[in-house]
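Hi there,

Here is the structure I promised to pass on to you. Have a look at it first, and then read on for what I found.

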Amino acid sequence: MAENNTKYETALVKYNDTYLGMIENSLDSHKVALTEYGKICTVNAIAAINEALTAQGLELGSPDVDKSTLTTALISVATLELNAKAANREVYFIIRNKAMKMPDNTQKWVKQVEMNLEGDAHETLAAKYGRNVKTIFPYWVVRENDDFKYPRMRGLEMSPPEWEPKGTGRVVRVVYPILMNDNTITYHIAEREDVVNNLKAHIRNNLMNETFGI
């Protein structure tokens, strides 16, 4: 029993090193910082997923585990900072069987990782992303030939962005004006280049999954 526990802990350390570094690099490639608490949540998720797989006689390194759903679950946990080992567990994982079509048109059954929320997760996400929001106004689709000025800060006061649509050129950013409950307005700006980096990261991960099984 002690020998089995040692092997399990050694394998878990290896998986932590592999997947934590992969998740951190993936987020960094599209300019999202993995916080220290995000790292803790990721490590706890790796342990929880491995426990769910172990119950079915598998482990994270098994070739029967769908790495795409695994990495997607870990990225979601890392960015949303949901803790699978909290006193009131915020997230749990289910392992499902799924038939996947292979390049040679045969089918292969794999184990997919499904993430589910529970406990305080909904309150955590509402507090982080949705609380104190009164209205989300229609977004602005800004093109490269439009006249656009970014918001400016002067002390604690912010001047709003300025936008004069011209209607030509490719889309370069989308601006979301949001009215808060205290009647202040914030502007969330999504830049084209950031979205492109995000897509490149997903493409790279998919290629690594298909080519190397990572």
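A contact here means heavy atoms within 4.5 Å. With that in mind, 59% of the contacts in the protein chain with a separation of 6 or more are between residues 24 or more positions apart. Please note that this is a predicted model.

To get your bearings: the protein chain has 5 helices and 10 strands. Of its 214 residues, 33% are buried. The accessible surface is about 13,500 Å², and carbon and sulfur atoms account for 53% of that.

Now to the inside. The largest nonpolar core contains 33 residues, and Y19, I49, L60, L74 and F93 have the most contacts within it. At least two residues each come from α1 (2-29), α2, α3, β1 (91-101) and α4 (121-130), with α2 giving the most, 8 residues. There is also a second, separate core of 5 residues, among them W140, V142, V172 and V175.

Finally, how do α2 and α3 pack? Helix α2 (residues 36-54) and helix α3 (residues 67-80) lie at an angle of about 145°, their axes 8 Å apart, and the crossing is right-handed. On the α2 side, G38, C41, T42, A45, I46 and I49 take part, meeting L70, L74, V77 and A78 of α3. Of these contact residues, 8 are nonpolar, 2 are polar and none is charged.

Enjoy exploring!

Best wishes

Terms used. Residues are numbered from 1 along each chain as its sequence is written. This is a predicted model: local features need pLDDT of at least 70, side-chain atom pairs count only at pLDDT 80 or more; totals for chains, interfaces and linings use all residues. Side-chain values use heavy atoms; hydrogens and water are left out. Axes are lines fitted to C-alpha atoms, for helices over the stretch in contact, and angles run from 0 to 180 degrees between N-to-C directions. Helices (H or I, at least four residues) and strands (E, at least two) are DSSP runs, numbered from the N terminus. A crossing is left-handed if the near helix is turned anticlockwise from the far one by less than a right angle, and right-handed if clockwise. Ala, Val, Leu, Ile, Met, Phe, Trp, Tyr, Cys and Pro count as nonpolar, Asp, Glu, Lys and Arg as charged, and the others, Gly among them, as polar. A nonpolar core is a set of buried Ala, Val, Leu, Ile, Met, Phe, Trp, Tyr and Cys residues joined through side-chain atoms within 4.5 Å. Buried means under 20% relative accessible area, exposed over 50%, partly exposed in between (1.4 Å probe, protein chains only). Accessible areas come from the Shrake-Rupley method with a 1.4 Å probe; for residues, only the protein chains shown count as cover.
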